[in-house]
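User: I have just opened this one and would like a walk through it. Could we look at it together, one part at a time?

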Amino acid sequence: MLGSDCLEPILYRVVRPIINILFKFFYQPTYLGLENIPKEGSVVLAGNHTNNFDCLLLISSTKRTIHFLAKDELLKGPKKVIFKNMGIIPVNRRIHDKEALIKAKKVLSQNQVIGIFPEGTFSKVKGQLLPFKIGAVKMAHDTNAKLVPFMITGTYKLLRKNITITFYPPYNVADDLGLENDKLRDFLQKELDGKKE
């Protein structure tokens, strides 16, 4: 079975090694804290969004299959076949998309990995995170998945070691989701501020 309901999307398994080789050659990323990504069990990877290449950076960070929550526009037209078979879970950003959350929880309930950018889009102010949508902490809480924050810094420049992704220790989300969402954003903002110093 293909698509976002498939735990190991065929296309993902095929292209991941290619992405890994090409991405690391052309962008030479630095990976910090890879040991913080659990090798098994349900995991939500949640962090800042800087560029369309961020998904490729995450894919190259772990051998585990990452099911990304992404805008539903990616699953329209000819590109639908590609993105659907990469395990993407489409999100309708024009509404409070409960269906996307249900699908993500289904993936997590089967000890898989979700990748999400809680900002929902790119911040237009460099170094300043947008408000976080609550989906990341909610799905982690509701499925008892480990939440692993990550921070992307630098820029994507060909053949230059200029982009870094840092993964922080996994933790369980507490019951106060509003507070947990604020804590996640505040933590990453402080980390981002620290890297600018």
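## Starting from a loop

User: Leaving aside its neighbours within four places in sequence, which residues is Lys161 in contact with?

Analyst: Beyond those neighbours, Lys161 is in contact with Tyr27, Gln28, Pro29 and Thr30, where contact means heavy atoms within 4.5 Å. Please keep in mind that this is a predicted model, in which local features need pLDDT of at least 70 and side-chain atom pairs count only at pLDDT 80 or more, while totals for chains, interfaces and linings use all residues. Residues are numbered from 1 along each chain as its sequence is written, and side-chain values use heavy atoms, with hydrogens and water left out.

User: And where is Lys161 found?

Analyst: Lys161 lies in the loop between E6 and strand E7 (163-167); helices (H or I, at least four residues) and strands (E, at least two) are DSSP runs numbered from the N terminus. The C-alpha atom of Lys161 is separated by 9.2 Å from that of Phe26, although the two residues are 135 residues apart along the chain.

User: Does that residue count as buried or exposed, and why?

Analyst: Lys161 counts as exposed because its relative accessibility is 60%. Buried means under 20% relative accessible area, exposed over 50%, and partly exposed in between, using a 1.4 Å probe and protein chains only.

User: Changing topic, how many aromatic pairs does the structure hold?

Analyst: There are nine aromatic pairs. Rings of Phe, Tyr and Trp (its six-membered ring) pair if their centres lie within 6.5 Å, and planes under 30 degrees apart count as stacked, over 60 as edge-to-face and the rest as tilted. One of the pairs is formed by Phe23 and Tyr156, which is edge-to-face, at 6.1 Å centre to centre and with 65° between the planes. This pair links distant parts of the chain, since Phe23 belongs to helix H1 (residues 10-27) and Tyr156 to the loop between E6 and E7, 133 residues apart. Both Phe23 and Tyr156 are buried.

User: Why is the pair of Tyr27 and Phe53 tilted?

Analyst: Their ring planes stand at 50°, with the centres 5.2 Å apart, so the pair is tilted. Here too distant parts of the chain are linked: Tyr27 is in helix H1, while Phe53 is in the loop between E2 and helix H2 (54-59), 26 residues away. Tyr27 counts as buried at 13% relative accessibility, whereas Phe53 is partly exposed with a relative accessible area of 30%. Ring pairs join Phe23, Tyr27, Phe53 and Tyr156 into a cluster.

User: OK, on to the strands: in what order do they form the open sheet?

Analyst: The order of the seven strands is E1-E7-E6-E2-E5-E3-E4, and the pairing is mixed; two strands pair if DSSP finds at least two bridges between them. Strand E1 (30-32) and strand E4 (89-91) are the edge strands, each pairing on one side only. From one strand to the next, the twist averages 20°, with axes being lines fitted to C-alpha atoms (for helices over the stretch in contact) and angles running from 0 to 180 degrees between N-to-C directions.

User: Which helix packs on the sheet?

Analyst: Helix H5 (residues 135-143) does, touching strand E2 (43-47), E3, strand E5 (113-116) and strand E6 (146-154), and its direction makes about 165° with that of E2.

User: What about E3, how many of its residues are buried?

Analyst: Five of the six residues of E3 are buried. Strand E3 (residues 66-71) runs parallel to E4, joined by three bridges, with Leu69 opposite Ile89 and Pro90 as the bridge partner of Ala70. E3 also pairs with E5 in the parallel sense over three bridges, and there Ile66 stands opposite Val113.

User: And why is E6 largely enclosed?

Analyst: Seven of its nine residues are buried, so E6 is largely enclosed by the rest of the structure. E6 pairs with E2 in the parallel sense over five bridges, and with E7 it runs antiparallel, also joined by five bridges.

User: Last one, what pLDDT does the protein chain average?

Analyst: The chain averages 87, and 85% of the residues score at least 70; pLDDT is the predictor's confidence in each residue, from 0 to 100. Over residues 1-6 pLDDT stays under 50. Where pLDDT is low, the predicted coordinates should not be read in detail.
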